Protein chains: 2
Amino acid sequence: MIEICEVGPRDGLQTEATILSIEKRVEIICRLSSLGIKKIECVSFVRDDMMPQMAGAEQIMELLPTVPGVRYAGLVLSASGMNRALFLEKLTEIHVAVAASDAFNEKNVGRTTWDTLTRLSSPIKEALESGKKVRATVATAFGCPYEGKIALKRVLEMIEFYLNLGDCGIALADTTGLANPRQVSQIVREITNRFPGVCLSLHFHNTRGLGLANVLAGIQAGVSRFDSSIGGLGGCPYAPQAVGNVCTEDLVNMCEAMGIETGINLEGLIETAKWVEHQLQHKLDGLVMKAGPIKG
Amino acid sequence: MIEICEVGPRDGLQTEATILSIEKRVEIICRLSSLGIKKIECVSFVRDDMMPQMAGAEQIMELLPTVPGVRYAGLVLSASGMNRALFLEKLTEIHVAVAASDAFNEKNVGRTTWDTLTRLSSPIKEALESGKKVRATVATAFGCPYEGKIALKRVLEMIEFYLNLGDCGIALADTTGLANPRQVSQIVREITNRFPGVCLSLHFHNTRGLGLANVLAGIQAGVSRFDSSIGGLGGCPYAPQAVGNVCTEDLVNMCEAMGIETGINLEGLIETAKWVEHQLQHKLDGLVMKAGPIKG
């Protein structure tokens, strides 16, 4: 059994040229939550003027129905973002992300890695104390487009920092699609040796076609939590090199064909991917939505 | 070290709407052979009127230069095709393919699997006696769009049939992209247990995004020979569900990032993929040609 965290409504839509209405974004999340997906990253607490695609996190959370067994998560990158997130009762999981690469983190939030971590430590503790779950991400964990290789030591230090704040889940994100399967095996084994019992998620992009191969390596190394986005959302129609997240339908198709349960309705996912494609008015990257699932 | 057989000039171009001239097809092969690719499937011995994209196999072979260390292969589906192939000195390897699925084979060549195998047995023996290498493929080995699952027993019987004819290499082809990594592991282990020392190649399509994950499973199971096509050629611009072969650059990028040697010039491949894209006047599926390679 693997658990998929659907990140299309956040990591996917945030790079789209088309800005969907609050109602459409709520509809996407509702369609997804009806298909057996247990966790959805719904919103991002960034400034509306900085990222209009993600505007209205509070309204989205207000409109979302409570669905038994479905958890809603939101992305927090700063203390002010955390202040907004902590007000929202239906948002039970906080995703925090800091890049292991200083250069990347500075481009993203204007501060170094350790500066950002330090500033986030009180907000993370506050979130945990308020009863929210926190998943703390090491972004660019597998490589950085500016700095190149990321030292494993740095990834381990960041995880240690997070775990010292309390009972956080940990995620490794391959933010720009630089991971390879051998590296995934090595890093996962290193982390699970060093931090036994860690609740580890992997977040891959399919930038160089390695998304599912990296998930496979993760599964083989014992990981059971993966992020993916409906239709492979997260590419940018105006930047053909920016391929999106691992595609949810393609991932579910792989797992089900391999006999690994996901609890997710694959035919429903395909329908939803086509519906999202229609809303965005451009072709999505997902392949199973075009070719159909492997039938056992 | 893995060996890649480049099949773009055959499996790739045969489904293209644009029919390239003999000279362009020769140029593609020459560009590829200059990049460290050691084996190229260059031609198909089908009737010119049935598949104009592949017309002129004899002219192609006549025009190709002999390149030290580079082997040229051609696809043979019938006794008459073999008669043509055996005349061509520069064609040192014959690829024969028969589908494990009767339904698929009948649609493809109008005969059942066993009828086709029987008719090909003398031609295969003749090829081996004439000093050509023969690689015999079990097509639809991982599943058939008409028949569904293919019994492992049938795949093993076909391999046994081929090996009884002489010292053939064996290939398993996932003709319509139905393989999954667990199945790849299982079938490969079964074959290598049953036929120790067999020279096994794997041929995957990326129809459902599993191309590289399936190659990874093959590598893990000990296979070192894979087919792929430059730019991921083999899709059809007018049938968006028909995604092509595993993409050569994407495969080389994965291997090199994992520390597995290919002996192939990746930057040169990317340039060549862009050049082929320009010749065909439509976007190819390859991702590394868009995003650039993973840099170690």
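**Two chains and the axis between them**

**View 1. The axis relating chains A and B.** Chain A is superposed on chain B by a rotation of 180° with 0.0 Å of shift along its axis (RMSD 0.0 Å). That is how a two-fold axis relates copies. In chain A, A213(A) has the C-alpha nearest the axis, 2.0 Å from it. The superposition is by least squares on C-alpha atoms of residues with pLDDT of at least 70 in both copies. This is a predicted model: local features need pLDDT of at least 70, side-chain atom pairs count only at pLDDT 80 or more, and totals for chains, interfaces and linings use all residues. Residues are numbered from 1 along each chain as its sequence is written, while chains are lettered from A and ligands numbered from 1 in the order in which they are written.

**View 2. Where chain A touches chain B.** Here 30 residues of chain A are in contact with 30 residues of chain B (C-beta atoms, placed from the backbone, within 7 Å). Helices α8 (181-194), α9 (211-220), α10 (248-257) and α12 (288-291) of chain A each supply at least two residues of this side. α10(A) gives the most, with four residues. 100% of the interface residues of chain A are also interface residues in chain B, so the copies meet through the same surface.

**View 3. The fold of chain A.** Chain A has 12 helices and eight strands. These are DSSP runs numbered from the N terminus: helices are H or I, at least four residues, and strands E, at least two. The C-alpha trace of chain A spans about 45 × 40 × 40 Å along its principal axes.

Methods: Contact = placed C-beta atoms within 7 Å.
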